[in-house]
Amino acid sequence: MTHRPPRTPLRATAALALLPLLTLTACGTGDTGSAAVGAQGSPAPTDDPVAAVREVDSVAALLPAGVREAGTLKIGSSIGFPPGAYYPNGADKAPAGQDIDLADAVAKVLGLKLERQDASFETILPALGSGKYDVGTGNFGVTTERLKTIDFVTYINDGQGFAVKDDNDSVKKVTDLKQLCGLTIGTGAGTTFEATLTAQKDVCAKAGKKPYDVKVYSENAATLTALQQGRIDVIMSTINGLRYQAAQPASHTRFLGEYHRLDVGFAFKKGSPLTKAFRAAVDHLIEDGTYRRILGKWGTTASAIDASRINPPEHA
């Protein structure tokens, strides 16, 4: 399954969204080279498919009465990098991205306001159980392990991929983790990527090869810095995120392709009464075309789903 979004003007515009991260990379290392050039002008796409979304009474009626009366939901959002969610104009301004637009559109269909709180990726799922958030977003992939404690309402099909520096000719593609033996892989803390690499850590020893090493980072900018400086050989991250990263020349990365697809969804505590309403809201957005317009804005239409699902099994 190796669908690649078409290279359209919208996608090219959205690809520029990576530049703020490159600015952070440069500032963090004292490097003021080409990565920082032009980084001031990196606006998000200007079209706003969410603006026309209105409340749908039949969908909002699926919410618990107390939630409808309160009129608000607390959402924990991991603001990382495009196309999912990022700060195009600095952390003191509003975030943008596919996850932001989809959450806002769902909230409008349900007649709710979102109280958004920026939170680190690895803290959101545990905080759902404590009631700190009603819902979480952060490109959370649906896995068998997560389904034990979390409910999901799917909204896109993304997954796991790899990238290297654009001048790295030794790694062409990764279809098997044994191809990573002897290399150092950088990935995000608390992610499915870290879990996959940890679970398969003995694959190299079984093949009689030198094991791969895994370095975990809390921010995408730090991972990219490590790659640029040669402290890691490969990045493992989201398919859509790595595609965007590779589309920006200043990142000097090359996307190696898809490794494992995963459904991605809104996350809730187990047994949440909100899941049916959220699924109906996503399905409404799919049916009326808003969903496709949001994905088109962010260049991710190849990851579109036909219908939302509650707690689907992890892809084999």
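Trainee: How many bridges join β4 to β8, and do the two run parallel or antiparallel?

Mentor: This is a predicted model, and in it β4 and β8 run antiparallel, joined by 15 bridges.

Trainee: Which other strand pairs with β4?

Mentor: Strand β7, residues 234–238, pairs with β4 in the antiparallel sense, over 4 bridges. Find Q160 and you'll see T238 of β7 opposite.

Trainee: What should I keep in mind about side chains when I look along a strand?

Mentor: The general idea is that side chains in a regular strand alternate between the two faces of the sheet. As for cover in this model, β4 is mostly covered, with 15 of its 16 residues buried.

Trainee: Okay, rings next. How many aromatic pairs does the structure hold?

Mentor: In general, you describe a pair of aromatic rings by the distance of the centres and the angle of the planes. The structure holds 6 aromatic pairs. Take Y155 and F266: the ring centres are 4.7 Å apart and the planes sit at 50 degrees, so this pair is tilted.

Trainee: Where do Y155 and F266 lie?

Mentor: Y155 lies in strand β4 (residues 150–165) and F266 in strand β8 (residues 253–269), so the pair ties together parts 111 residues apart in sequence. Y155 is buried, with a relative accessible area of 1%, and F266 is buried with a relative accessible area of 1%.

Trainee: What kind of pair do F266 and F278 form?

Mentor: An edge-to-face one: F266 and F278 are 5.3 Å centre to centre, with 70 degrees between the planes. F278 lies in helix α11 (residues 275–288) while F266 is in β8, so this pair ties together parts 12 residues apart in sequence. Both F266 and F278 are buried. Step back and ring pairs link Y155, F266, F268 and F278 into a cluster.

Trainee: How do I go about reading empty space?

Mentor: You roll a probe the size of a water molecule over the atoms, and that shows where empty space is left. Here, the second largest pocket has a volume of about 360 Å³. It has 20 lining residues, and the closest to its centre are T143, E145, R146, T192 and A195.

Trainee: Which elements give two or more residues to that lining?

Mentor: Those are α6 (121–130), β4, α7 (192–199) and β8. Helix α7 gives the most, with 5 residues.

Trainee: And how do the lining residues divide into nonpolar, polar and charged?

Mentor: The lining of the second largest pocket has 7 nonpolar, 8 polar and 5 charged residues.

Definitions and conventions:
Residues are numbered from 1 along each chain as its sequence is written. This is a predicted model: local features need pLDDT of at least 70, side-chain atom pairs count only at pLDDT 80 or more; totals for chains, interfaces and linings use all residues. Side-chain values use heavy atoms; hydrogens and water are left out. Rings of Phe, Tyr and Trp (its six-membered ring) pair if their centres lie within 6.5 Å; planes under 30 degrees apart count as stacked, over 60 as edge-to-face and the rest as tilted. Buried means under 20% relative accessible area, exposed over 50%, partly exposed in between (1.4 Å probe, protein chains only). On a 1 Å grid over the protein atoms alone, a cavity is a set of points where a 1.4 Å probe fits but cannot get out, and a pocket is an open set with protein on both sides within 12 Å along at least five of seven lines; lining residues have an atom within 4 Å of a point. Grid points are joined across faces, edges and corners, and a volume is the space filled by probe spheres set on the points. Ala, Val, Leu, Ile, Met, Phe, Trp, Tyr, Cys and Pro count as nonpolar, Asp, Glu, Lys and Arg as charged, and the others, Gly among them, as polar. Two strands pair if DSSP finds at least two bridges between them.
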